[in-house]
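This report describes a nonpolar core and a chain-to-chain interface. The structure comes first.

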Protein chains: 2
Amino acid sequence: MDVLISEVGPRDGLQSISRIMPTAAKKAWVDAAAAAGVTEIEVGSFVPAKLLPQLADTGEIVAHAVNIPGLTVAVLVPNARGAEAAIAAGAHKITLPLSCSETHSLANLRRTHGQVLEEAASISRLIAALPVERRPHFEGSLSTVFGCTLEGAIPDAQIARLAESLMAAGCDEVGLADTTGYADPRAVRHIIKLVRGAVGDAAVMGIHLHNTRGLGLANVLASLEAGLTTFDSSLGGLGGCPFAPGASGNIVTEDLVYMLEAMGISTGIDLEALFAVRRLVGAALEGEPLYGFTPEAGLPLGFVPANSVQGASA
Amino acid sequence: MDVLISEVGPRDGLQSISRIMPTAAKKAWVDAAAAAGVTEIEVGSFVPAKLLPQLADTGEIVAHAVNIPGLTVAVLVPNARGAEAAIAAGAHKITLPLSCSETHSLANLRRTHGQVLEEAASISRLIAALPVERRPHFEGSLSTVFGCTLEGAIPDAQIARLAESLMAAGCDEVGLADTTGYADPRAVRHIIKLVRGAVGDAAVMGIHLHNTRGLGLANVLASLEAGLTTFDSSLGGLGGCPFAPGASGNIVTEDLVYMLEAMGISTGIDLEALFAVRRLVGAALEGEPLYGFTPEAGLPLGFVPANSVQGASA
């Protein structure tokens with residue numbers, strides 16, 4: 001496996017649609033995705049159920065998913081209280097978002113940068129208190145790092161300082177998130193260089209890109225070339241039409257995996273099996289629009305996935 | 001202007017939908033696109049009207065468009081007879097497609113490679129007989145160069161030989177066309193290197209990409225990095241849903257221009273004016289679906305197009 005696809009549909013996709021997917025259907029999704037070769041799934045978020053009833057069963061999904069061999073079970077948490085629940089459920093990876101735009105942070109979470117960084121430090125202490133073998137991986141994710149709909153561009157110095165602060169607060173890794181769909185390939189290269197310059201290459205390996213302006217896969221290509229190896233995406237682009245209110249505009253897992261495999265970059269994911277997961281989830285969410293081109297267009301005649309390529313042309 | 005966007009909607013878009021756009025509406029489209037800064041438009045195709053009634057007025061559109069200062073008026077021709085009509089109308093650029101897949105060439109045009117190359121040689125003779133100032137630019141376009149739905153992958157040696165044959169037949173330039181939507185960024189790099197190796201870098205500057213599997217803009221990025229500077233695209237991705245029968249799946253001009261301008265690469269095209277052209281064409285083709293993300297999502301807060309950028313970060 002050359003790159004890691006982190007499937008965020010069960011969290012980011014489902015929180016963006018209003019209907020609630022039954023717990024059994026979520027478990028079936030996670031099972032089928034893992035069977036197709038997906039090795040990391042963000043299965044939910046530990047937020048109050050009254051805020052996101054779609055994700056109220058996250059604890060149960062985590063408890064189910066951790067039994068799947070080889071699967072990294074990831075969750076999002078807004079604070080240390082969420083991290084406590086994530087640890088109790090046995091999550092392998094915990095992501096705490098920190099919005100580079102303080103205006104956005106205050107509007108969405110009612111927290112200053114300093115307050116979010118305090119939560120990060122509290123989470124690090126919770127993790128440090130665990131036996132080594134039970135410690136989850138802890139990612140601080142720089143959201144709105146490519147710009148904010150309220151503030152516009154974020155100054156480089158502020159981004160670098162926040163990345164350093166997350167590492168100082170005990171994060172294992174700094175993630176990059178194009179929350180607003182503002183990224184373009186040049187900006188991707190610039191931000192990766194900036195944040196890696198601040199905290200080191202090894203601490204910046206993953207990116208969460210949106211397809212809000214159609215540039216999602218071009219931005220993946222730029223990220224790959226800049227050395228990143230972990231990409232978030234959502235099955236069927238779930239969460240919907242990227243310009244509808246509240247929709248996420250996630251990049252589509254099926255198209256992402258197709259692009260990488262066509263390029264000879266192994267994802268470990270079987271495309272036909274992934275299309276079957278799409279059909280499964282589509283049936284469970286009947287009427288909900290799914291996005292992506294490759295499942296409808298089909299694979300090219302004579303298509304050879306990366307795993308089968310021997311000495312492919314560069 | 002750093003790159004040339006060649007708008008192919010009036011030809012490739014309109015030939016892919018069944019309704020016939022009135023001549024006056026086509027002229028208004030061409031006028032508005034040119035006013036928005038588009039400097040090359042493929043306005044039609046000189047094919048028998050019974051085959052493509054949508055493009056039966058190509059001669060009239062060419063005659064209109066050549067009066068627009070600074071605009072390169074391009075047309076597609078299937079053979080020397082079409083080229084004669086194109087020359088009579090005053091077209092500035094003539095493109096003759098040569099399908100790398102001979103099976104596809106026989107199925108679509110009922111012509112072998114040898115027969116298409118004879119047409120190319122005839123067109124070159126027609127052009128050479130003109131006064132220098134009236135000679136159109138002559139492009140031979142390698143269609144299905146990324147693979148064919150009937151033959152699958154085309155052997156490298158065959159592609160190189162066909163490119164050389166087009167130049168030997170008198171073409172000024174060899175174009176690359178992902179007719180089937182099979183291209184991926186690695187294949188793009190490979191094919192550009194292959195064809196440039198066969199006929200020289202200066203003879204390979206342009207590419208016609210489709211978005212059939214969602215990789216259109218990623219393939220543009222790879223093409224840019226490999227040195228190409230001319231990109232075909234269609235307003236609103238006109239021609240429609242890429243997996244519907246007969247649809248072209250062209251990349252969307254609006255998203256392409258947005259990506260390039262966001263990257264600091266000047267297209268000479270004003271995005272807000274381009275969105276107005278989209279509304280104009282959408283109204284003229286009411287009910288026809290238009291594609292693309294940027295027009296709906298809008299430009300990022302504080303967006304700075306390439307022309308305005310001074311010493312932008314690399």
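In this predicted model, Leu142(A), Leu176(A), Val195(A), Leu142(B), Leu176(B) and Val195(B) touch the most other members of the largest nonpolar core, which has 190 residues. Such a core is a set of buried Ala, Val, Leu, Ile, Met, Phe, Trp, Tyr and Cys residues joined through side-chain atoms within 4.5 Å, where buried means under 20% relative accessible area (1.4 Å probe, protein chains only). Beyond neighbours within four places in sequence, the contacts (heavy atoms within 4.5 Å) of Leu142(B) include Leu176(B) and Val195(B).

Chain B superposes on chain A by a rotation of 180° with 0.0 Å of shift along the axis, by least squares on C-alpha atoms of residues with pLDDT of at least 70 in both. This is the relation of a two-fold axis. In chain B, the C-alpha of Ala218(B) is nearest the axis.

The copies meet through the same surface, because 100% of the interface residues of chain B are also interface residues in chain A.

| Interface of chain B and chain A | Value |
|---|---|
| Residues of chain B in contact with chain A | 40 residues |
| Buried area (accessible area, 1.4 Å probe, lost on being put together, summed over both) | about 3400 Å² |
| Salt bridges (side-chain nitrogen of Lys or Arg within 4 Å of a carboxyl oxygen of Asp or Glu) | two |

Arg189(B) forms a salt bridge with Glu225(A), with the closest N and O atoms 2.7 Å apart.

Residues are numbered from 1 along each chain as its sequence is written, and chains are lettered from A and ligands numbered from 1 in the order written. Local features need pLDDT of at least 70, side-chain atom pairs count only at pLDDT 80 or more, and totals for chains, interfaces and linings use all residues; side-chain values use heavy atoms, leaving out hydrogens and water.

Key. Buried means under 20% relative accessible area, exposed over 50%, partly exposed in between (1.4 Å probe, protein chains only). Buried area is the accessible area (1.4 Å probe) that two parts lose on being put together, summed over both.
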